[in-house]
Amino acid sequence: MKLSDIADNAGSRKKRMRVGRGIGSGKGKTAGRGGKGQTARSGVRIKGFEGGQMPLHRRLPKRGFNNIFRLDFAEINLDRLQQAIDAKTIDAKEIINAESLVKARVLRRAKDGVRLLGRGEIKAKLTIEVHGASKSAIAAVEKAGGTVKILAPAKTEAGEAA
């Protein structure tokens, strides 16, 4: 091996494309940028532009509304809870709440609270503290001898005094 024999691997260094250097190069004249005007400029392109005609997304009426005060609950079903108890990741004798479910990795995060749903069946006697629960879930837990405590305050009707 000599110093003059040292070379890069084949194909590791590529020559830069020299644009705008004549018609024979294949990248002459517009240099791969197309025609004139806005689309020839870098970083500018009107999406949804219909040549001055009112675009479709503006012709259609607006619908719906997003409630900024809406709470996003992490949902858990009874079968998932029973699965965690069977796997011994949750102790059925202790109070089950959002923190214990996240700690046991049954839920990834608690979000705005936990809502218990009624899919599946529960065999263990549990004490659960959640921010919401379906009627079927509450009935199933109470049938197994457990209790469900709802943490979130009950929503008052518009006419009633709070």
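In this predicted model, Thr-39 touches Arg-33, Val-44 and Arg-45, once its neighbours within four places in sequence are set aside. Thr-39 belongs to the segment before α1 (56-59) and, with a relative accessibility of 43%, counts as partly exposed.

Together with Met-1 and Leu-3, Ile-6 makes a nonpolar surface patch of about 460 Å².

Turning to charged pairs, the whole structure holds 4 salt bridges. One of them joins Arg-119 to Asp-79, at 2.8 Å from N to O. Because Arg-119 sits in the loop between β3 and β4 (127-130) and Asp-79 in helix α2 (residues 78-86), this pair ties together parts that are 40 residues apart in sequence. Arg-119 is exposed at 51% relative accessible area, whereas Asp-79 is partly exposed at 28%.

Another salt bridge links Lys-111 with Asp-72, where the closest N and O atoms are 3.9 Å apart. Here the loop between α3 (98-103) and β3 (114-117) supplies Lys-111 and the loop between α1 and β1 (74-77) supplies Asp-72, so parts 39 residues apart in sequence are tied together. Lys-111 is partly exposed at 48% relative accessibility, and Asp-72 is partly exposed at 36%.

Glu-50 and Arg-59 likewise form a salt bridge, with 3.1 Å between the closest N and O atoms. Glu-50 is partly exposed, at 29% relative accessible area; Arg-59 is partly exposed at 43%.

How values were computed. Residues numbered from 1 in each chain as written. Predicted model: local features only at pLDDT ≥ 70, side-chain atom pairs only at ≥ 80, totals over all residues. Heavy atoms only, no water. Helix = DSSP H or I, 4+ residues; strand = E, 2+ residues; numbered from the N terminus. Buried < 20%, exposed > 50% of the residue type's maximum accessible area, 1.4 Å probe, protein only. Contact = heavy atoms within 4.5 Å. Patch = residues over 30% accessible without salt bridge, like charges linked within 9 Å, V, L, I, M, F, W, Y side chains within 5 Å. Areas by Shrake-Rupley, 256 points an atom, 1.4 Å probe, with all protein chains shown as cover. Salt bridge = Lys/Arg side-chain N within 4 Å of Asp/Glu carboxyl O.
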